[in-house]
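Open the model in your viewer and keep the sequence panel beside it. The stops below say what to select and what is there.

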Amino acid sequence: MGLLEIRGTGRATRGSGGGGRQALVQLLVLALVSAVGLVLGGTGASSADAVSACGGRPAKTVKFATGELRVYRSRAYACAVTVAKKPGKRRPISVQLQARGARPVGDSGRYTTQAGPVTVPALHRCIRAAGSVSGTSRSTGWILC
């Protein structure tokens, strides 16, 4: 039984074994190029569609005119990011997250896309989050109690 050989037509055919190594090399190169594309983020997704850097499941999203505040919850942690509605020029963006009974944790600066992620331990605790983009801000109040 021969190895599969990749031909110019895009079909795999049975070969005598001579082209099998070449096919294997081609498949390895294709896998390597795909992996590099994923690492470098070659998907071209906009920031609104980008996968969040927070782990866990989405718990709350608060939309406002210039962006949105996204809160995520895993078993023991809460995480938040503020994402600009229209990425582009640098502008003030901030995010703040606080577990009840603890100090708030935040990230702010002049960013093009998002502030955060910020994470706090939140096992059996209520949390609150706030975010702003270009002076417009929103908060969640105490949630996940």
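Which residues form a disulfide with their sulfur atoms 2.0 Å apart? Select Cys126 and Cys145: these two are joined that way. A disulfide here is a pair of cysteine sulfur atoms within 2.5 Å.

**Before going on**

This is a predicted model, in which local features need pLDDT of at least 70 and side-chain atom pairs count only at pLDDT 80 or more, while totals for chains, interfaces and linings use all residues. Residues are numbered from 1 along each chain as its sequence is written, and side-chain values use heavy atoms, with hydrogens and water left out.

Colour the chain by pLDDT, the predictor's confidence in each residue, from 0 to 100. The protein chain averages 78, and 64% of the residues score at least 70. Select residues 1-15: pLDDT is below 50 there, and the stretch has 24 contacts in the model beyond near neighbours in sequence. A contact means heavy atoms within 4.5 Å. Residues 32-50 also have pLDDT below 50, with nine contacts beyond near neighbours in sequence. Where pLDDT is low, the predicted coordinates should not be read in detail.

**The Cys126–Cys145 disulfide**

Go back to Cys126 and Cys145. The torsion about their S-S bond is about 140 degrees, so the disulfide is right-handed. Cys126 lies in the loop between β8 and β9 (127-133), and Cys145 in the segment after β10 (136-139), so the pair ties together parts that are 19 residues apart in sequence. Strands are DSSP runs (E, at least two residues) and helices are too (H or I, at least four), numbered from the N terminus. Cys126 counts as buried at 13% relative accessibility, whereas Cys145 counts as exposed at 70%. Buried means under 20% relative accessible area, exposed over 50%, and partly exposed in between, with a 1.4 Å probe and protein chains only.

A search of the whole structure finds two disulfides. For the other, select Cys54 and Cys79, with an S to S distance of 1.9 Å. The angle about the S-S bond is -65 degrees, and this link is left-handed. Cys54 sits in the loop between α1 (20-39) and β3, and Cys79 in strand β5, so the pair ties together parts that are 25 residues apart in sequence. Both Cys54 and Cys79 are buried. With the bonded cysteines numbered in sequence order, the pairing is 1-2, 3-4.

**The sheet**

Now show the open sheet of four strands, in the order β3-β4-β5-β8 with antiparallel pairing. Two strands pair if DSSP finds at least two bridges between them. The edge strands, β3 (57-64) and β8 (114-121), each pair on one side only.

Walk across the sheet from β3:

- β3 and β4 (residues 67-73) share seven antiparallel bridges; select Arg57 to find Arg73 of β4 opposite.
- β4 and β5 are joined by seven bridges and by a hairpin through three residues; Gly67 stands opposite Ala84 in β5.
- β5 and β8 are joined by six bridges; Ala78 has Val120 in β8 as its bridge partner.

Strand β5 (residues 77-84) is mostly covered, with seven of its eight residues buried.

**Last stop: Glu68**

Not counting residues up to four places away in sequence, Glu68 touches Thr61, Val62, Lys63, Val81, Thr82 and Val83.
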